[in-house]
Amino acid sequence: MNTCLSITCIALLFCVPLETQQPLVNQSLAPHATQSINIGISHTNRKQVAQLLNSLLSDEFILYTQTLNYHWNVIDPYFSAMHSFFKEQYEQLFNFVDRIAERVRALDEFAAGSFAEFESLSALKTPSQGRLSTQDMLRNLLDNHESIIRTIRVAVETTQNDFKDAGTSNFLAEILVEHEKMAWMIRSSLTTK
Ligand SMILES: [Fe+2]
């Protein structure tokens, strides 16, 4: 093939009107084209489980923000150790946030994703403002971890028995165990009064 012909072919390719070209993304994957879900959980139960998960997601996001705040603002003779401890904790909490949001999507519902939603759906107290001692920070975190642990313990039962969603129930049981370990680490860093 001569060079002139090749150049002509390339030129023609770029001249093809956009509407006649193949779409880069399969139209069936466009956000407005929803594929119905059929995973053996009733529509009502799926909605209820997603609601429960979105409340938990909001609790986790509040606790994540609170731990991040303490990572930044802690002042302590053992600053480096505490700064790193809070970092490990907020990283793990972010992992929970992401997993819970994705579980909501796996149930074909939408995850809460704004501060306004997190604040309105969370049962946790808003983190207190102002300068705190390390011990007060740890105590606040422990209170919120334990509150979340109690919430999840009930949710493990509810999702299994009331909403017939063994997948979410098992998923929550895993998160519960990880929270209990985090709470143990915080508890062990607290001095008794
Ligand atoms: Fe940092």
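Guide: Two residues are in contact if their C-beta atoms, placed from the backbone, lie within 7 Å. The model above is predicted.

Visitor: What share of the contacts with a separation of 6 or more joins residues 24 or more positions apart?
Guide: Take the contacts in the protein with a separation of 6 or more. Then keep those between residues 24 or more positions apart. They account for 74%.

Visitor: What is the mean pLDDT of the protein?
Guide: In this predicted model, 80% of the residues reach a pLDDT of 70 or more.

Visitor: How many contacts beyond near neighbours in sequence does the stretch 1–28 have?
Guide: Over residues 1–28 the pLDDT is below 50. Where pLDDT is low, the coordinates should not be read in detail. Beyond near neighbours in sequence, the model gives residues 1–28 a contact count of four.

Visitor: What percentage of the 193 residues is buried?
Guide: A residue is buried if 20 or more other C-beta atoms lie within 10 Å of its own. Among the 193 residues of this protein, the buried ones make up 26%.

Visitor: What does Leu 56 touch, leaving out residues up to four places away in sequence?
Guide: Leu 56 is among the core members that touch the most others. Leave out residues up to four places away in sequence. Leu 56 then touches Ile 100, Thr 151, Ile 152 and Ala 155.

Visitor: Are H3 and H6 roughly parallel or antiparallel?
Guide: The axes of H3 and H6 come within 12 Å. They cross at roughly 170 degrees. Angles over 145 degrees count as roughly antiparallel. H3 and H6 are therefore roughly antiparallel.

Visitor: How many nonpolar residues are in the contact of H3 with H6?
Guide: H3 contributes Gln 89, Gln 92, Phe 96 and Arg 103, while H6 contributes Thr 168, Phe 171, Ile 175, Glu 178 and Met 182. By class, three residues are polar and two are charged. The nonpolar residues number four.

Visitor: Is Tyr 70 buried or exposed?
Guide: Tyr 70 is found in helix H2. Excluding residues up to four places away in sequence, it touches Phe 86 and Met 137. Because 24 other C-beta atoms lie within 10 Å, Tyr 70 is buried.

Visitor: How far apart are the C-alpha atoms of Asn 73 and His 83?
Guide: Asn 73 is in helix H2. Its 13 C-beta neighbours inside 10 Å make it partly exposed. Along the chain, Asn 73 and His 83 are 10 residues apart. Their C-alpha atoms are separated by 8.6 Å.

Visitor: Is Ser 120 buried or exposed?
Guide: Ser 120 lies in helix H4. Ser 120 and Ser 55 are 65 residues apart in sequence, with C-alpha atoms 8.9 Å apart. With 11 other C-beta atoms within 10 Å, Ser 120 is exposed.

Visitor: How far apart in space are Lys 125 and Asp 59, C-alpha to C-alpha?
Guide: Lys 125 sits in the loop between helix H4 (115–121) and H5. It is exposed, with 12 other C-beta atoms within 10 Å. Lys 125 and Asp 59 are 66 residues apart in sequence. Their C-alpha distance is 9.3 Å.

Visitor: What is the phi of Asp 108?
Guide: Asp 108 is in the loop between H3 and H4. With 17 C-beta neighbours inside 10 Å, it counts as partly exposed. Most residues other than glycine have a negative phi. Asp 108 has a positive one, near 65 degrees.

Visitor: Where is Lys 164 found?
Guide: Lys 164 has a positive phi, near 55 degrees. It counts as partly exposed, with 14 C-beta neighbours inside 10 Å. Its place is the loop between H5 and H6.

Technical notes: Residues are numbered from 1 along each chain as its sequence is written. This is a predicted model: local features need pLDDT of at least 70, side-chain atom pairs count only at pLDDT 80 or more; totals for chains, interfaces and linings use all residues. pLDDT is the predictor's confidence in each residue, from 0 to 100. A nonpolar core is a set of buried Ala, Val, Leu, Ile, Met, Phe, Trp, Tyr and Cys residues joined through C-beta atoms within 7 Å. Helices (H or I, at least four residues) and strands (E, at least two) are DSSP runs, numbered from the N terminus. Axes are lines fitted to C-alpha atoms, for helices over the stretch in contact, and angles run from 0 to 180 degrees between N-to-C directions. Angles under 35 degrees count as roughly parallel, over 145 as roughly antiparallel, 65 to 115 as roughly perpendicular and the rest as oblique. Ala, Val, Leu, Ile, Met, Phe, Trp, Tyr, Cys and Pro count as nonpolar, Asp, Glu, Lys and Arg as charged, and the others, Gly among them, as polar.
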